Structures are given as structure tokens and as C-alpha cells.
Number of protein chains: 2
Amino acid sequence: MIERLAVLGVGLIGGSVALALKRAGRVGRVVGYGRGRANLEAALAVGAIDAIADSPEAAVAGADRVLLAMPVGAMAATFARIAPHLAAHALVTDAGSTKQDVIAAARAGLGPASARFVPAHPIAGAERSGAAAARADLYGGRSVILTPLAENRPADVEAVADLWRACGAQVVEMAATEHDGVFAAVSHLPHLAAFALVDELASRPQAQTYFRHAGSGFRDFTRIAASSPEMWRDIALANRAALVAELDAYLSRLSAYRDALAAGDADTLMQSFTRASQARSRWQPNGSNLENDP
Amino acid sequence: MIERLAVLGVGLIGGSVALALKRAGRVGRVVGYGRGRANLEAALAVGAIDAIADSPEAAVAGADRVLLAMPVGAMAATFARIAPHLAAHALVTDAGSTKQDVIAAARAGLGPASARFVPAHPIAGAERSGAAAARADLYGGRSVILTPLAENRPADVEAVADLWRACGAQVVEMAATEHDGVFAAVSHLPHLAAFALVDELASRPQAQTYFRHAGSGFRDFTRIAASSPEMWRDIALANRAALVAELDAYLSRLSAYRDALAAGDADTLMQSFTRASQARSRWQPNGSNLENDP
């Protein structure tokens with residue numbers, strides 16, 4: 001039983017953790033902190049939190065579990081602020097989409113207390129955001145990836161895994177470097193590729209002609225280009241090394257297509273399209289990953 | 001009333017035109033020609049065609065309307081074969097996804113009879129292919145783009161427009177160059193971009209790790225990578241000039257992202273992501289374009 005949970009950043013993600021733990025009868029009191037007063041009041045109204053704290057320091061005072069569910073760009077400052085106020089038995093986790101940068105921020109901000117930080121990335125999201133959109137079942141059947149630190153005690157990793165499982169999630173462990181490489185490829189790069197196409201066409205004088213004739217292929221390819229610019233700027237910068245490597249690989253593939261096309265090299269195109277079509281046709285999306293924005 | 005319609009290539013597209021015209025009571029006899037005997041027998045069985053012809057020449061003999069609904073790469077040879085056998089009053093149309101190359105093939109193969117060829121691109125398709133998948137309502141509410149030739153008589157353009165409207169479609173006229181430029185951007189480039197990402201990941205030793213963690217963003221971004229490799233090789237080569245130009249513009253955008261990311265230039269990313277997110281959020285897909293593969 002968690003006696004007091006501090007949720008720092010009470011949006012869809014943080015609010016849904018609180019609601020899920022409450023529904024499971026696994027938490028006593030939830031104290032929330034966030035930048036928007038109206039949003040925190042919505043969190044109170046839907047029963048995600050029991051009290052609003054005026055600062056991160058006040059929120060974590062006396063808490064046995066702390067969840068950072070804010071944009072990854074804001075975590076470094078928060079770790080530094082809460083470090084002196086964490087209870088000795090408190091365990092900290094997060095919900096950031098990138099892990100190596102969050103770990104570096106935790107080590108810098110928490111100091112030795114980083115041993116009690118167990119990084120997490122819940123693969124869940126929804127079209128809506130904010131505390132009012134929070135749902136107790138958001139994590140039901142979804143994956144949560146833990147990237148434990150060398151300095152974590154196994155019992156603490158298990159306690160944090162238990163928190164996420166209590167929300168209904170399936171917990172998977174990976175190294176942080178592997179996590180960031182995999183998500184750069186399957187999530188972060190596609191977002192940039194979708195933003196790039198839409199901005200390219202929207203910036204042309206005849207933009208309306210393009211959009212008027214665009215159909216279902218374009219609709220699906222670019223769906224993720226409607227995502228939050230701030231969130232994706234932060235994720236891209238946070239996972240910069242892995243994402244630059246993925247962009248280089250992708251640029252190289254597309255350049256090879258360009259050159260094959262200019263040369264009328266039908267075989268090169270056919271071979272690549274065939275490998276892609278077979279791989280994509282064989283792939284069965286993992287049901288637990290299906291809402292992964294981000 | 002069309003007395004005799006010749007459908008050359010009796011798949012989903014050609015078979016659906018025949019079924020739609022029959023349902024509308026606008027066609028007498030439909031004669032089909034295609035490369036696969038089993039498929040032609042399926043077309044007979046579903047009532048799309050009334051007879052199977054042994055050659056394109058035999059199919060068009062005595063036909064007052066001729067529809068080429070085969071892959072665009074096969075049209076040049078077909079135009080040349082049917083030219084001497086077209087009735088004097090026959091009008092010809094097609095269903096190819098690219099237009100300048102089909103027009104060039106028609107002029108080369110039909111000679112002066114190209115004046116009776118009115119090029120068309122129906123923006124419709126479905127997950128399934130082949131005559132057995134043909135449906136009378138495939139074109140209901142969909143767009144069909146006509147790219148008339150300078151040498152077409154207005155009455156002939158109107159007669160071909162009338163044929164497509166009788167299938168339930170909305171007819172739009174565009175210049176062939178504009179058509180090919182627009183579809184290179186909104187359809188052909190996204191297909192290549194999706195093929196490129198899937199082939200890149202599928203070709204890596206750790207491919208299964210990527211696919212295991214891929215979620216809904218990846219699923220939608222890459223949906224069109226499951227498309228027919230042959231069809232897309234042909235379309236890419238047929239629309240090569242416009243597609244190379246679009247690839248160059250896209251490579252330039254992605255390279256700019258790569259450089260901004262490497263330099264930690266948050267503002268450039270934020271500005272582009274914001275323009276894209278606003279444009280994509282504002283865009284309401286045209287219902288008549290929603291099944292546009294290809």
C-alpha cells in the first residue's frame with residue numbers, strides 16, 4: 001500500500017496513474033503539483049488527486065512514491081528541487097519518453113538519491129490530454145518499459161514495477177541505451193518524417209491543392225504530424241544522438257531511392273519495396289503498444 | 001447508353017466500373033480481357049463481364065467505350081495493339097495513377113486516335129484486389145480526375161466524364177502535369193517514405209526488437225508500406241521526374257531537421273513542428289479521397 005503518492009505534472013499520464021492506483025485500492029492520499037491551476041482543479045474534480053501542493057517540494061514531503069509525469073525537458077529542474085525534500089524511504093519513477101537524458105538529469109539533480117529513482121516509459125497515450133482526460137484504465141494491457149539503474153536495489157525496482165503493474169500494465173525491462181535507440185527508430189523518426197512532409201507542403205503557395213487531393217495514405221502517414229510541437233521538440237532534443245543516427249540512416253535510404261529512380265533502376269526499387277511490403281504485411285502490432293503517442 | 005464496353009485489365013478497378021455501369025443500366029455488353037484466366041472467370045461469376053476475350057484486339061472490336069485498367073507499365077503495349085482495331089466512334093479512357101506517361105504512351109500507340117482517348121485517374125481503391133473484390137459502389141462519392149488532351153473534342157470529354165459519373169463518381173479536371181505533381185507529393189512520396197523506413201528496420205539484425213516495440217504511430221505511418229511492390233515500382237518510374245523533385249525537397253527538409261538537431265537548434269524544430277501540427281490539425285480529409293491506394 002502506498003500511503004502518499006506525489007504526482008508532479010498531473011496530465012493524462014500522471015492523472016491516469018493516480019486514478020488506476022485508487023481504483024486498485026493501492027494508494028491512500030495523492031498530492032498533485034503542476035503549472036496550471038485549472039488543470040489541477042480538474043484533477044481534483046475527477047478524483048485523481050486529493051490535494052493540490054503549491055510546490056514540488058511540498059508535494060513530495062512525506063510521500064513514499066513520487067511520479068514525475070511532466071515533459072522531459074522540465075525534469076532536470078524538478079529533480080534538483082525535490083532532492084532535499086524526499087523522504088528517506090521514498091521511491092521515484094517517471095513517465096518520460098526518453099530515458100538516457102532523464103537518467104542523467106536524475107543523477108545530477110538527486111545525487112545519491114538517484115539510487116531510489118527507477119526510470120519508466122509507459123507506452124500509452126490518447127488523443128486527448130490534460131487531467132480531465134485521465135482514465136483509470138489507460139494502462140490496462142499496455143507496456144511500461146523500465147530501464148533500471150546500476151545503483152537501484154532490486155527490491156526498489158520490484159516495488160516500482162509493482163506500482164505500474166497495479167495500474168494494469170505489463171512491465172518490460174530494457175537498458176536505457178537500447179530503449180532510446182529503439183524508440184528513435186520506431187517512434188521519434190516517424191514523427192519527424194511526418195512533420196517534415198506536412199510542413200513542406202503547407203509552406204508552398206499551392207498548399208490547398210495538395211491538401212484537397214490528399215487521401216487515406218496521406219491521412220495515415222501524417223496523422224502523427226498533428227502531435228504537440230513542444231512535446232516532440234523536447235523528445236527530439238532529449239534523444240538527439242540516437243535520433244540523428246536514425247535520420248542519417250533514413251536519409252541514406254531515401255537518397256538511394258532517389259538515385260535509383262533518377263537512373264531508372266527498377267530492380268533496386270522493386271527489391272526494397274518487396275522487402276518492406278513483406279515485413280509490413282507480416283507484422284502484427286503488439287496490442288499493448290497500440291496507443292504510443294508518444 | 002454504352003452498347004459494348006471493353007475492359008482491359010479486369011481487377012478491382014475495372015471490374016467495379018463494369019458493375020457500376022450495369023447497376024446504373026448504362027451498359028449493354030461488357031467484354032473483358034486480362035492476363036489471368038481464373039481472375040477473368042471470377043469477373044464472369046460476379047457478373048462484371050459478360051464474355052472473356054482472347055486478346056485486347058478482340059475485346060475492343062465493336063466496342064464504343066474502352067477502359068484500360070491495367071498497371072500503367074503495361075499500357076503502352078496495349079495502346080499499340082488496340083489502335084488498328086478501335087471502332088471509329090470508340091472512346092477510350094484509363095484508370096492509371098499517373099497521367100503524363102500514359103498520355104505519351106497513348107499518343108505513341110494510338111496515333112491520331114489519341115484524340116479519342118480521355119485520361120482518367122479514379123481516386124479509389126480498397127484493401128483487396130482482383131475481380132472478385134469488385135463492387136458496384138466502389139466509386140460512389142469518390143473523385144475521378146480527368147486530364148483531357150488538347151486534341152480531345154469537348155463532346156468526347158463530356159461523354160467520358162458521363163461514364164465516370166454514371167459509376168457514382170465526382171469528376172474533376174486538371175492538367176496532367178499538375179496531376180502528376182500533386183500526386184507525387186501527397187501519394188507517391190509518402191509510399192516511398194514508408195517503404196524506406198520499413199526496409200531500413202527490417203534489414204537490421206535486431207529487426208524483431210524494433211517491430212516488437214512499434215506502436216500506433218508506426219502502424220499508421222507505415223500502413224502503405226504493405227502495398228503492392230510491383231504497382232509502386234511502376235508508378236514511381238512512370239512519375240519519375242515529379243517524384244525525384246519531391247524526394248529532393250523532402251531530403252532537404254529532413255537534412256535541415258538533422259542539422260538543427262545536431263546543433264541543438266530548438267527554435268528551428270519548434271517552428272517547423274508548429275506549422276506542420278497546425279496544418280495537419282486544420283486539414284479535413286476530403287471524404288471522396290479517403291480510399292486512394294493508389
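## A loop residue in chain A

Gly140(A) sits in a loop of chain A, between β7 (120-122) and β8 (143-146). The model is predicted. A residue needs 20 or more to be buried, and 12 or fewer to be exposed.

Now take Ala249(A). In sequence, 109 residues separate Gly140(A) from Ala249(A). In space, their C-alpha atoms are 35 Å apart.

## Strand β1 of chain B

Strand β1 of chain B covers residues 2-8. Five of its seven residues are buried, so the strand is largely enclosed by the rest of the structure.

β1(B) runs parallel to strand β2 (residues 27-33) of chain B, and six bridges join the two. Here Ile2(B) stands opposite Val27(B).

## Where the chains touch

How many residues does the contact take from each chain? Chain A gives 79 residues, and chain B gives 79 residues. On the chain B side, the elements giving two or more residues include α7 (176-202), α11 (240-262) and α12 (266-282) of chain B. α7(B) gives the most, with 17 residues. By type, the chain B side divides into 45 nonpolar, 19 polar and 15 charged residues.

How values were computed: Residues are numbered from 1 along each chain as its sequence is written. Chains are lettered from A and ligands numbered from 1 in the order in which they are written. This is a predicted model: local features need pLDDT of at least 70, side-chain atom pairs count only at pLDDT 80 or more; totals for chains, interfaces and linings use all residues. Two residues are in contact if their C-beta atoms, placed from the backbone, lie within 7 Å. Helices (H or I, at least four residues) and strands (E, at least two) are DSSP runs, numbered from the N terminus. Ala, Val, Leu, Ile, Met, Phe, Trp, Tyr, Cys and Pro count as nonpolar, Asp, Glu, Lys and Arg as charged, and the others, Gly among them, as polar. A residue is buried if 20 or more other C-beta atoms lie within 10 Å of its own, exposed if 12 or fewer, and partly exposed in between; C-beta atoms are placed from the backbone. Two strands pair if DSSP finds at least two bridges between them.
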